Amino acid sequence: MLFRRIYQFLIVYIIGIGFLLAIKAVLSLSDYVIPGIPLVIETAGQVFTGYFFDVMNTLSVTVLGQGISIIMAFTVGIAGRKSSWIGSFIKVTAYNIQAYPIVALAPIIFILLGDGFIPRLMIASMICYFPLLLSVLGIMATPVTDIEHFYIVTGRMRWQLEVKIRAFENLSKLTTVIAGSATLAMAGTIVAEFIAANAGIGYSIRIALYQSDLAKILIALFMIGIIISIYQGILETLGEVIKVKWSISKKGEVL
Amino acid sequence: MQLECKHLNFTYPGSDVAVINNLSFSMKNPGFNALFGPSGVGKTSLAKLIARGNARYDGDIMWDDMETILYTYNLERLPGWSSTGGHLSKVTPPGKEGLKEHLVQVFELTDVLGSRFSQLSMGQQNRINLIRYLLQEFDLLILDESLANVDEKLRETIILAIKDLFADKMFLYISHNLMEVSKFCRQILVFGKPSENKGCFMISGQDYQNKYHLDKKKLDLTMLEIMNAF
Amino acid sequence: MRKRTVISLIFLLVLMSATSLQAKDVQLNYRLKWLFNSSVAGDIYADVNGYFKAAGLSVTVKEGSPEKNAINELELRHADFGVASADQVIRALDKGAKIVVLAQLFQVNPMQWIYRADQPEIKTLQDLKGRNIGITFGGNDETVMNTILAKAGISKKEVTITGVRFDFTPFFMRKVDVWPVYRNSQGVILKDKLAKEGEAVYFFNPADFGVNFVANSVITSEVMLKNKPAVVETFLGALLKGWEAAMDPANEADVLNAVKRLDTSTHDAIMQQQLAATRDLIKPSPSIPIGTIDMAAWQQTEQIMLKEKQIKKPVHIETRLSRLVQK
């Protein structure tokens, strides 16, 4: 799973670079517009270590931000799963907040909180939270009648059990969504760093953009891609471990 | 203990066709009764109405001396996060552990208690599901094809054991097995084919108990009576 | 009937001649560095007041933005002329771009620092010591401030450097004392805002202390200059005429009207102040023609970038500066 993710990314990256080099060759562009391979390698030698720590810095915010968004999505999803007034109120509020583009809200967040760690964390969480919320709401609002019936008619049903049943029955979907949301959390963190922060790979990309240094940006993209692939791979592997441990299967189908 | 329906009519919301049309019947005293008929005649719909589903209907359903009515069906599943034995223990009310062990033995499930629900065969899944209902407090238990995919011999053992162990309870057994219903049920509500506009008939079954002696002639007569009714 | 035919023929002839005249106009794209506002008043004025048209050119003046880069567009042939800052030009040359500088629009770099007048005035570079100075990491101001500090022999420990962004709150809250601004745009707005609070400001201009870092210039590709020198000369002539007229205080109302049509978000009073500030930077003295290339300043800019390791090797900028308008 992990290695597949990495080599899939490498294929995409190489195709992308190849495409850029083809344009460079066809239009005879200078290294300023599209850097050649030697310049990319030379730049990598200069910035690789620095960018590695920048990406790790970004990743730490990403992991934390994703964790927060998972907690938020589950809290809102569980609270809003009922078709009651409060349930629909929570859903509508969550949807409305998300309707504002985060890039528009970001400056307000930065003005209020400055450009430190917390705003990055907030923006990362907010960007990856909504898709998670939609999945969690969808899962939590759909009864698993074949399992829940017994607990309902015998008066044993509690909200914790209901959540557990629905989460368990949709574990594959949940782990896929959570692993997928890692990309969003990373993108969110980078956007936050790009808009206003003094650390992280998004901040380094912004500096490289100031200097129109595409070689640096290509290195940054490579680092981001590799690290996010590894992170997603780990999340997917974890998901598999959890599924095997919980022995997820349906209707007699043994995994 | 009595279950009685008077002029019961039921149509699913959004449909023009009545599933139950002017149905009246009465079942008295504890015992193993049946709802019998071809698919789609309204057996499950009636079972759900009796089990106090929220659906709206016309007419009357009267439960006399019946506090708890449970409805179970053959597609039910146990959660997959722990073993079936674990789940069974969790839902066994205090004081019923002995009954649980006895039922597990009779239902021939001792060897699979350590397995997850998904690892069981369909017959085993239906049996373990039925056990957990039998362990609950109830006055009337509706078994909607709850012994599907169980072999005939074991099905007979199970039905006789249920009749023996729960003699003071009423059961409504929904099955498509003519012989089984005729042999073990006391009152059989037979649903006629709607296309032939036959209505419903109450027929008396042989109501065999443990260590019964088979009277083939009487059984054939009951079976014939049922066949003629739908 | 005959009368009708004659009229139709005349109309057709007029139309044909108009189309053929139109066809004679050379189609050009001109990419600016920044959004339409007073700082590009001359570019707008040259277009709106028909300076290009009069020269037989049909120029599409395209608005710039942080994401747009005129040098890339020249190489990709999306633009024929553009505006780029000196550091962009020198970096591009370092990486093999084939471009030439035609004219230097800003004689004084608008990139300066603002600070409150209740603080001691910065009369010598040593006065920077102990201050909290804002810089945009990766931006020109970082390069310039590094040069200033090195020139003054001030170590990074003797000042506090704070990374800044678009949000001025740290300056308003006095967390940062000396804040980088574009003198003719943000500088005007900040000065106005603080004036409303009863606070006066000073501007710290690196050029006053011998650090001349060139700002925006008009550029084109080497190919364009080689293959169509007449078009280049005509374009530059029309553009600079437009700028000269736009910077003439007598035309202020007309210029403001032209800018206002494209920049609808800036208040009139602010726009007027911005135009006045731009005038001081573009044409600091009546004797200096607009577009004059300050060779010494360009060479100093290259030296600064070399020293700051912004470029790997000398680019010999003097060989890339057009001699059309030089000091």
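Let's start with one pair of residues. Arg77(B) forms a salt bridge with Glu169(A). Their closest N and O atoms are 2.9 Å apart. Keep in mind that this is a predicted model.

How many salt bridges does the rule find across the interface of chain B and chain A? The count is 1. Polar contacts come to 6 residue pairs between chain B and chain A, with both residues at pLDDT 80 or more.

Which elements of chain B give two or more residues to the side that touches chain A? They are strand S5 (69–73), helix H2 (84–91) and helix H4 (122–134) of chain B. By class, that side of chain B has 11 nonpolar, 6 polar and 4 charged residues.

Now the whole contact. Chain B brings 21 residues and chain A brings 24 residues. The buried area between the two chains is about 1900 Å². Carbon and sulfur atoms give 56% of that area. Arg77(B) comes back here. Together with Trp81(B) and Ser118(B), Arg77(B) supplies 41% of the area that chain B buries against chain A.

On to confidence. The model scores ipTM 0.91 and pTM 0.71. Chain C has a mean pLDDT of 88, and 91% of its residues reach 70 or more. Among the elements of chain C, strand S5 (residues 111–116) has the highest mean pLDDT, 95. Helix H1 (residues 2–24) of chain C has the lowest, 55. Over residues 17–21 of chain C, pLDDT stays under 50. For that stretch the model has 0 contacts beyond four places in sequence. Where pLDDT is low, predicted coordinates should not be read in detail.

Definitions and conventions:
Residues numbered from 1 in each chain as written. Chains lettered and ligands numbered in written order. Predicted model: local features only at pLDDT ≥ 70, side-chain atom pairs only at ≥ 80, totals over all residues. Heavy atoms only, no water. Contact = heavy atoms within 4.5 Å. Buried area = accessible area lost by both parts, 1.4 Å probe. Salt bridge = Lys/Arg side-chain N within 4 Å of Asp/Glu carboxyl O. Polar contact = N/O pair within 3.5 Å; in protein donor to acceptor, adjacent residues only side chain to side chain. Helix = DSSP H or I, 4+ residues; strand = E, 2+ residues; numbered from the N terminus. Nonpolar A, V, L, I, M, F, W, Y, C, P; charged D, E, K, R; others polar. pLDDT = per-residue confidence, 0-100.
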